[in-house]
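Dear colleague,

Please find below the structure that I am handing over to you, with the sequence.

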Amino acid sequence: MKRINFILITCLFTVISCNNDNDDQSERTNITLNFNHNWDETPFTNANFNTIQYTNANGEEMSITKLRYLISNVTLTKPNGETIVLDGYNLVDVTNNTDLSFTPITAIPLGVYSSLSFTFGFNNDANYNNNYTDLNSVSWNVPEALGGGYHYMQLEGKFIDNTSTETGYAYHTIRAVNNSGAIQVFQDTFFEVNLGEVTVSNNSTFDIEINIAEWFKNPNTWDLNTLNNMLMPNFDAQIMMFENGQNTFNLKPIQ
Amino acid sequence: MKTWNTYIYILFIFTCISCSNEKIETYVSKPSLLQIPKLFEDNILAPVIPNNNLQTIEGISLGKKLFFDPILSANNTQACADCHALENAFTDTDRFSDGINGAFGKRNSMPLFNLAWNYDEKFFWDGRSFSLEHQAFLPVTDPNEMGSTWIQVEEKLQQHPEYPELFQQAFGTSTIDSTLVTKAIAQFERTLISSNSKFDKYLLGETSLTAEELNGFNIFMDETRGDCFHCHGSDKNPLWTDNIFHNNGLDTVITDLGLGAITGDPADNGKFKSPSLRNLAFTAPYMHDGRFKTLNDVINHYSEGLKNSTTIDPLMKKVAQGGVHLTPQDKADLKAFLLTLSDYEFINNLNFIKP
């Protein structure tokens, strides 16, 4: 009997050992996403903050005094359609020049992927079903009256208005909510940024280019004179922001 | 005989070592973890406690004694507690506080609580100090405050009948220096935790708010009315401040540069740290220069008193009209809500009274 037990255990170990061998066959790595910013191809960092030096598509001269936005759900899709979702989210804080690089903790197999994508903002599950202490600590919340959850982006600055007065704007994106009726009506405004096919090698780094001017340009030419503040509860403004955000992110071609 | 001599000699040596050990026995300070309130634990990041100044029972106790002791001032007349009184949530009621020579500073004394949750660790209205330890370092030598020198203070403490032993117990050395003094004070200050306001209890399900207070909270959280939450916390951020620097539209011409004087960046001119809205019932007057005597004045400022300047925060809206013009009822309700953030247990906490 003892002998049989011994054989059984040996077999079991062999099986486990074989399984492990199979897993180890594919080499894994972490990837890094770098977020680089520009205004219509002119590089932009926090050193360019606070000075009215940009002209938006509507012709308004403007500055940026704060920019931070959330990305989550970094996903790699294999050619066979299988997806790998990397844990974590990242609050890109251009104002403080922090977290402009994001290395998710999940290691992934090397190889060619048909797409690298992430979510701008949070999907609804992530937005409403978690309490993020780090995001709460930096006052990233959305009031319960607007559905709760978190901001997706805070872009603020000044512009010269129709009366030649320097005026503030706060372009904050959240999940759109219409509070005008008896029942709140929501519309999703998070979106997938698909950066296309990528090859992942050891410690691959992907440079993502964000053209801030796009937020004011396409398809909606943004008029800061009419839409400059109190935009969080403005359902239509949130939808327009969502539409303008679609062309903001691009993967910089590898040189 | 030789064996006996050797035996006695060895015994003597052991006795000497043994006696000597008793004399140099060192006191080991006992760790004292911060009691983190549930709302803080649930909603925000852990407090900042430097690795080289962990909280200990002896360190906190020493810090408290120092905080209340005028020995830190040049003429032994002024303690930290003189401008940071418990009944005022550790600020005072003066617009500007006078130092040992009767001279006044140019800023309103800041209240002291929940300081360990200042994640960026920039202290003072203008953020000129990094770390709580360094903050405690500055008033001692400020001529408008305690007007002393650290050499003087160290010497007085060293000659004191009690302090050398207390430093020995707290830090394992009876040699007193400014670093250890500020470490002890910072340890005590980190224990000044305010988390038992009516609104805290409401969030914990322990009490209810009046209709006016609830409406006030809604105004606070409404981007088209109060819009206070972008800088002053929320039901998810119990600090009620972002600890960040803003120009909140007080002046058209900025004379006190605030953060701008520290960074040298004109874009920071007129920016001051958002104070916490906790304990407003005890902390008048308000603003960095104490210009507003009442909460009504503060609310009126944001409602219709905003003044434009190049660095005014974009979140200050309808500046051309002076603000969003809250209705009288909204103003009253907002005030009612703000007062629910006052923590009476904090200002009556016996752990914080003069030892």
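**Findings in the two chains**

B:Asn76 is placed in the loop between α3 and α4 of chain B. The model is a predicted one, and in it B:Asn76 has a phi near 60°, a positive value in a residue other than glycine. With 14 other C-beta atoms within 10 Å, B:Asn76 is partly exposed. A second case of this kind is B:Trp240, which is not a glycine and yet has a positive phi of about 60°. B:Trp240 lies in the loop between α11 and β3 (245–246) of chain B. Is B:Trp240 buried or exposed? B:Trp240 counts as buried, because 25 C-beta neighbours fall inside 10 Å. As background, most residues other than glycine have a negative phi, and most peptide bonds are trans.

**Cis peptide bonds**

One cis peptide bond in chain A joins A:Asn218 and A:Pro219, with omega at about 5°. A:Pro219 belongs to the loop between β19 (205–211) and α4 of chain A. In chain B, the peptide bond from B:Ala284 to B:Pro285 is cis, and its omega is near 0°. B:Pro285 is located in the loop between β4 (272–273) and α13 of chain B.

**Chain A**

Chain A contains 4 helices and 20 strands. Of its 255 residues, 36% are buried. Among the contacts in chain A between residues at least 6 apart in sequence, 71% join residues at least 24 apart.

For residues 29–228 of chain A, UniProt lists "domain: Copper-binding protein MbnP-like" in an unreviewed entry. Over residues 29–228 the chain is 5% helix and 42% strand, and the end C-alpha atoms are 43 Å apart.

Which residues are buried in helix α4 (residues 235–245) of chain A? They are A:Ala237, A:Gln238, A:Met240, A:Met241, A:Phe242, A:Asn244 and A:Gly245. The cover over the buried residues of α4(A) includes β12 (115–120), β14 (166–173), β15 (176–178) and β17 (191–194) of chain A.

**Chain B**

Chain B has 15 helices and 4 strands. Its C-alpha trace spans about 105 × 45 × 30 Å along the principal axes. Buried residues account for 45% of the 355 residues in chain B. For contacts in chain B between residues at least 6 apart in sequence, the share that joins residues at least 24 apart is 68%.

Two helix pairs in chain B deserve a description. The axes of helix α3 (residues 57–67) and α8(B) come within 7 Å and cross at roughly 100°. The two helices are therefore roughly perpendicular to each other. On the side of α3(B), the contact is made by B:Gly59, B:Ile60, B:Leu62, B:Gly63, B:Lys64, B:Leu66 and B:Phe67. On the side of α8(B), the contact involves B:Val181, B:Lys183, B:Ala184, B:Ile185, B:Ala186, B:Gln187 and B:Phe188. By class, the residues of this contact divide into 9 nonpolar, 3 polar and 2 charged.

B:Phe188 sits in helix α8 (residues 178–190) of chain B. B:Phe188 is buried, because 24 other C-beta atoms lie within 10 Å. Leaving aside neighbours within four places in sequence, B:Phe188 is in contact with B:Ile60, B:Gly63, B:Lys64 and B:Phe67. B:Phe188 and B:Leu62 are 126 residues apart along the chain, while their C-alpha atoms are separated by 7.9 Å.

In the second pair, helix α13 (residues 295–304) and helix α14 (residues 328–339) of chain B pack at an angle of about 125°, with their axes 10 Å apart. That angle makes α13(B) oblique to α14(B), and the crossing is right-handed. B:Leu295, B:Asn296, B:Ile299 and B:Ser303 of α13(B) meet B:Lys331, B:Leu334, B:Lys335 and B:Leu338 of α14(B). This contact has 4 nonpolar, 2 polar and 2 charged residues.

**Contact between the chains**

How many residues does each chain give to the contact? Chain B gives 26 residues and chain A gives 24 residues. On the side of chain B that touches chain A, the elements that give two or more residues are α2 (38–43) and α11 (229–232) of chain B. That side of chain B has 11 nonpolar, 8 polar and 7 charged residues.

Yours sincerely

Key: Residues are numbered from 1 along each chain as its sequence is written. Chains are lettered from A and ligands numbered from 1 in the order in which they are written. This is a predicted model: local features need pLDDT of at least 70, side-chain atom pairs count only at pLDDT 80 or more; totals for chains, interfaces and linings use all residues. Axes are lines fitted to C-alpha atoms, for helices over the stretch in contact, and angles run from 0 to 180 degrees between N-to-C directions. Angles under 35 degrees count as roughly parallel, over 145 as roughly antiparallel, 65 to 115 as roughly perpendicular and the rest as oblique. A crossing is left-handed if the near helix is turned anticlockwise from the far one by less than a right angle, and right-handed if clockwise. Two residues are in contact if their C-beta atoms, placed from the backbone, lie within 7 Å. Ala, Val, Leu, Ile, Met, Phe, Trp, Tyr, Cys and Pro count as nonpolar, Asp, Glu, Lys and Arg as charged, and the others, Gly among them, as polar. A residue is buried if 20 or more other C-beta atoms lie within 10 Å of its own, exposed if 12 or fewer, and partly exposed in between; C-beta atoms are placed from the backbone. UniProt positions are given in the numbering used here, feature names are shortened, and annotations may be inferred rather than shown by experiment.
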